[in-house]
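Thanks for coming, everyone. Let me put today's structure on the screen.

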Amino acid sequence: MANAAILPGAVPAVSRRRQAGRFLVYAVVLAIGLALAFAPFLFPDVRAQEVAARICVFVVLVASYDLLIGYTGIVSFAHTMFFGLGAYGAAIALKAMGPGFDAIFFGGALGVLAAIVLAVLIGLLSLRVKAIFFAMVTLAAASVMMVLASQLSAITGGEDGMTFSVPRPFSPAQPLVTGEDGKALRLFGVALNGRVAHYYFVFVSSFLLFLVMMRIVASPLGTVLQAIRENEMRAEAIGYRVVAYRTAIFCIAAVIAALAGILRAVWLKYTGPDVVLSFDIMLDILLMVVIGGMGTLYGAVIGVAVMTLAQYYLKDVMAAGAAATADLPLLPDLLNPDRWLFWLGLVFILLVYFFPAGIAGTLMGKGGHK
Amino acid sequence: MTTASIRTENLTIRFGGHAAVDRVSCAFRPGELTVIVGPNGAGKTTWFNLVSGQLKPTEGRIFKGEADITSLSPSARAKAGIGRAFQLTNLFPKLTVLENVRLAVQARAGQGPRIFSRAAALTEIRDRAQSFVEATRLSSVAHLPAAALPHGDQRKLEVAMLAAMEPDVFMFDEPTAGMSVDEAPAILELIAGIKKDTGKTILLVEHKMDVVRALADRIVVLHNGTLIADGRPAEVMALPIVRDIYLGIGAEDVA
């Protein structure tokens, strides 16, 4: 097997297939990126905007998780905790200080700071222990954060969470560009008002954060992280302080997750345990990173898009399918929208079966990690 | 006589009641290639692990030059100039050959934490890594993942990574282990080349007697964790106690 890889002729065949796969991944990611970039004009309805904004934020969240699990081999269950810190930071400040960019900045900064402090503490105290114990520690920390969020209801709104207003430029009533009639100018039939600005705030921030992560994994630090994943003992032996590197990337991922949390809160104008802290979100993150492909970053884009579209639109597709097959036996029942979780599960199993290293991972020939 | 580059003083490690390395004191000078021999279980690899920091001694001290490094972590020792290759191939399997070597160069250059520069664009580091890949004749496979190499090339990559660390003390743990008779000379040639080019201290654990004869300036014999002989190859091989112990294992390993 080892010899097969270096036989003349074998190399080009493998790398050609890999190149084609890589090209396909780039094309899909580019398509998703373009769809997101022009989402307000391509899909103007409110629900589609919701989906697009969720995809933007989750790409950042899942990609930052990929830095940990895919690149460095750190299994953490505390990613929603950092996500929540950013979201609650922004939410509490927006509620207390009123809707202004200063509140987003100030509250967000506090949330990010809290994320850094917690990440350093957890990292230094427990990244030297075995992976399974570290995972347990993060699980415990995340649980504590959930309890705190629901118990400190005077500050956090408890289980109900809290709603708040966002700065005025994000309001649908605020025209971005005023036309001759005094109303918002329309472009491709879409009013250029605060709603568009609101979306682009989320999109541009997410895009920039994703670029930052692309840069990190291409940097010398990125190679060291992969080395730690591949062979921790050897990385230490050639002179890298593994604990310091792990703590550093854990902090970086925590900061990016907190920033994603701010975006989520600002977009939803709501923050509560169910949308930022719950273990359902953590599970979503895990599924997205596995389906997309660990250790690729592009996988985050694909995984998030596939999962989110399935979660939002599978029911609609099934309803249409059930209606179309109404005259046939059995099929309408199978396609009943109430059974959407069954089909979602089936899709996951098939994806994992045919793409063992995730969609991007398998296509790019990265092989399964750990 | 130049001062020792690496020195152990009463170095001891006990696992339970068993002393795997027992009060070993010895010193090694630059420019000298020492082969450490002894039957299986004699404590050679354990002694290596103590010097490179993977194990902490129960007693005794380790000095690099004048500095006491006994309490340093493996990464700190690597930075202090103690480089180690491993008996079982111990690479970064999914990274390419060039990346494996580049990591060693990069650790040496101390540029690991740079976040916002592209690794591939750091030409100085890349060129340096490339030169070590060329020196070990791995250029044709430089872009392949380490795991895809045949065993012999993986051993060469071990040597390339150690060389790329540019240590003051090279420690090879059975560099020819598991290699065929025709592959082994290439590795030994590389080690001889390192000795000639760098003039650093080289420590080698090796079983094969032809390797010992071809390379050694000095032989240290460990047996049951203790140092029982230390000297020039001809003298050591002539000692009755060494013949007793070593011919036993020599018979099975040389044959």
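I'll go from overall shape to domains, then to one helix.

First, the ground rules. This is a predicted model: local features need pLDDT of at least 70, side-chain atom pairs count only at pLDDT 80 or more, and totals for chains, interfaces and linings use all residues. Residues are numbered from 1 along each chain as its sequence is written, and chains are lettered from A and ligands numbered from 1 in the order in which they are written.

Overall shape. For 255 residues, a compact globule would have a radius of gyration near 18 Å, and chain B agrees, at 18 Å. That radius is taken over C-alpha atoms; the globule rule is 2.2 Å times the number of residues to the power 0.38. Chain B has nine helices and ten strands. These are DSSP runs, numbered from the N terminus: helices are H or I, at least four residues, and strands are E, at least two.

Now the domains. An automatic or database assignment sets the bounds. In chain B, domain 1 is 1–81 + 167–255, and domain 2 is 91–165. Where they touch, domain 1 of chain B gives eleven residues and domain 2 of chain B gives ten. Contact means C-beta atoms, placed from the backbone, within 7 Å. Helix H6 of chain B, residues 184–198, supplies the largest share of the domain 1 side: four residues.

Last, how covered is helix H1 of chain B? Mostly: nine of its nine residues, 44–52, are buried. Buried means 20 or more other C-beta atoms within 10 Å of a residue's own, again placed from the backbone. Trp47(B) and Phe48(B) are among them. Just after H1(B), Gly53(B) takes a positive phi of about 100°.

How values were computed:
Contact = placed C-beta atoms within 7 Å. Buried ≥ 20, exposed ≤ 12 C-beta atoms within 10 Å, placed from the backbone.
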